[in-house]
Amino acid sequence: MKVLVSGEVHVEYGQIFVESERGECDLHDAFAGQEGVGLCGGGTDGTLLLLTGLRIGGVGFAAELHGSRPALDETWEEIVEVPFRPVSEETQLRQWNGKNSWELGLEVRDYRVRYSATGMDAGRSKNVREDDEPQTDDRYLLQFWPAPPEPARLLKQTSSTAASWHDFATSPVG
C-alpha cells in the first residue's frame, strides 16, 4: 500500500475532486449511472466528485493506492465503491477552488475506488470550520486498486447526510 495523501484537505461546498483532466464536473453528471450510490461520483470520464459533511473548511483526508482490493474496514460509517479510469498520466486530488492539489501518480488503467467516511452528520451540523477551530469528527479515506470496471455499489450507510446524497444520486434530473 502506498499513501498518496494524508492530512487535512480544505473543502468548499462540501466537495473535493480527483481529476485527470481539468474540466467541468456537473453534480448531476457526476452521479450518472450510479443509481442509489452518492458520496463519490464517477459518472464523468477521468473525474471523481467526492462529497463531505462539512460544507467549508478542513477535514481529515487520506488517499491510498493498493495493489489489490484492500480489506473492508467496517469501522467507517459510510462506504461506497465506484469504477474509475484516469484519462491522462496526471491525476490529482484537487480542492474545489483550485488553490491546492496533490499529485496521485495513477497510471491510465481501470481502478476500483472505495470512498469511506465517518462523522458526516457532525460535519454537516458544523457547516463551516474556520482555520483556527479544532477539526470536526468528519474524516475521509479514498482507496484505489487496479480492477476491471463493475457497477457502483453502496456498501454501508449510517448517516442522514449520506442518505440524502444517495437519494440525490437516484433522483431524476429536472
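Reply:

In H3, the buried residues are Thr161, Ala162, Ala163, Trp165, His166, Phe168 and Ala169, where buried means under 20% relative accessible area, exposed over 50%, and partly exposed in between (1.4 Å probe, protein chains only). Helices (H or I, at least four residues) and strands (E, at least two) are DSSP runs numbered from the N terminus. The cover over the buried residues of H3 includes helix H1 (27–30), E4, E6, helix H2 (120–126) and strand E11 (153–156); contact here means heavy atoms within 4.5 Å.

This is a predicted model, in which local features need pLDDT of at least 70 and side-chain atom pairs count only at pLDDT 80 or more, while totals for chains, interfaces and linings use all residues. Residues are numbered from 1 along each chain as its sequence is written, and side-chain values use heavy atoms, with hydrogens and water left out.

The core has 40 residues, of which Leu50, Phe61 and Phe144 touch the most other members. Leaving aside neighbours within four places in sequence, the contacts of Leu50 include Ile16, Val18, Leu39, Phe61, Leu93, Tyr115 and Leu142.

As for the chain as a whole, three helices and eleven strands are present, and from the N terminus on the order is β-β-α-β-β-β-β-β-β-β-α-β-β-α. Of the 174 residues, 49% count as buried. Among contacts between residues at least 6 apart in sequence, 78% join residues at least 24 apart. A compact globule of 174 residues would have a radius of gyration near 16 Å, and the 15 Å of the chain agrees with this; the radius is taken over C-alpha atoms, and the globule rule is 2.2 Å times the number of residues to the power 0.38.

Tyr13, in the loop between E1 and E2, has a positive phi of about 55 degrees although it is not a glycine. Asn127, in the loop between H2 and E10, likewise is not a glycine and has a positive phi of about 70 degrees. Tyr13 counts as partly exposed because its relative accessibility is 45%, and Asn127 counts as partly exposed at 31%.

Technical notes: A nonpolar core is a set of buried Ala, Val, Leu, Ile, Met, Phe, Trp, Tyr and Cys residues joined through side-chain atoms within 4.5 Å.
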